[in-house]
Amino acid sequence: MQYLWATLGLICVGLAIIGVVLPLLPTVPFLLLATFFFARSSSRLHTWLLTHRLFGPMIDDWHSSGAIRPGAKKAATLSVAAVFLLSLVFGAPTYVLIIQAVVLSCVLVFIWTRPNG
């Protein structure tokens, strides 16, 4: 079971790294899942993730107060806007634009109503 938890944690870290550069793929939720999996599989990987210079502070902010750093909020907002603009440029159907607008608005409301880290 330990190997399964470690594998799932590594997959989540990989997805989080991709999420740093890919719009709409969330980074922090994957890091939180990786932390959960590593806590059950490897104290070394768990400690590495919590002390990582880029990922560690995000995890700590979320665990301590449910907070998201202002820079991350701005980056998320720019990513969401870029994805929506790309949909407009490539001529997505109206129903797709409506669904995107509703979902992306909910995501932004959630992000911006969290305390600042």
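Student: Where is the place of Leu54?

Tutor: Keep in mind that we're looking at a predicted model here. Helix H3 covers 43-51 and helix H4 covers 55-65. Leu54 has its place between those two, in the loop.

Student: Okay, rings next. How many aromatic pairs does a search of the whole structure find?

Tutor: Two rings pair if their centres lie within 6.5 Å. Searching the whole structure that way gives 4 aromatic pairs.

Student: Are the rings of Phe36 and Phe37 stacked, tilted or edge-to-face?

Tutor: Their centres are 5.5 Å apart. For the angle, planes over 60 degrees apart count as edge-to-face. The planes here are at 65°, so the pair is edge-to-face.

Student: And is Phe37 buried or exposed?

Tutor: Take Phe36 for contrast: at 37% relative accessibility, Phe36 counts as partly exposed. Phe37 has 11%, and the limit for buried is under 20%. So Phe37 counts as buried.

Student: How many residues apart in sequence are the parts that the pair of Trp62 and Phe110 ties together?

Tutor: The two ring centres are 6.4 Å apart and the planes are at 50°, so this pair is tilted. Trp62 lies in helix H4, and Phe110 lies in helix H6 (residues 94-112). So the pair ties together parts whose distance in sequence is 48 residues.

Student: Are Trp62 and Phe110 buried, partly exposed or exposed?

Tutor: Trp62 has 28% relative accessibility, so Trp62 counts as partly exposed. Phe110 has 42%, so Phe110 counts as partly exposed.

Student: Which helix gives the most to the lining of the largest pocket?

Tutor: The largest pocket holds about 790 Å³ of space, and 29 residues line it. Helix H1 (2-21), helix H2 (28-41), H4, helix H5 (70-89) and H6 each supply at least two residues of that lining. With 7 residues, the helix that gives the most is H5.

Terms used:
Residues are numbered from 1 along each chain as its sequence is written. This is a predicted model: local features need pLDDT of at least 70, side-chain atom pairs count only at pLDDT 80 or more; totals for chains, interfaces and linings use all residues. Side-chain values use heavy atoms; hydrogens and water are left out. Helices (H or I, at least four residues) and strands (E, at least two) are DSSP runs, numbered from the N terminus. Rings of Phe, Tyr and Trp (its six-membered ring) pair if their centres lie within 6.5 Å; planes under 30 degrees apart count as stacked, over 60 as edge-to-face and the rest as tilted. Buried means under 20% relative accessible area, exposed over 50%, partly exposed in between (1.4 Å probe, protein chains only). On a 1 Å grid over the protein atoms alone, a cavity is a set of points where a 1.4 Å probe fits but cannot get out, and a pocket is an open set with protein on both sides within 12 Å along at least five of seven lines; lining residues have an atom within 4 Å of a point. Grid points are joined across faces, edges and corners, and a volume is the space filled by probe spheres set on the points.
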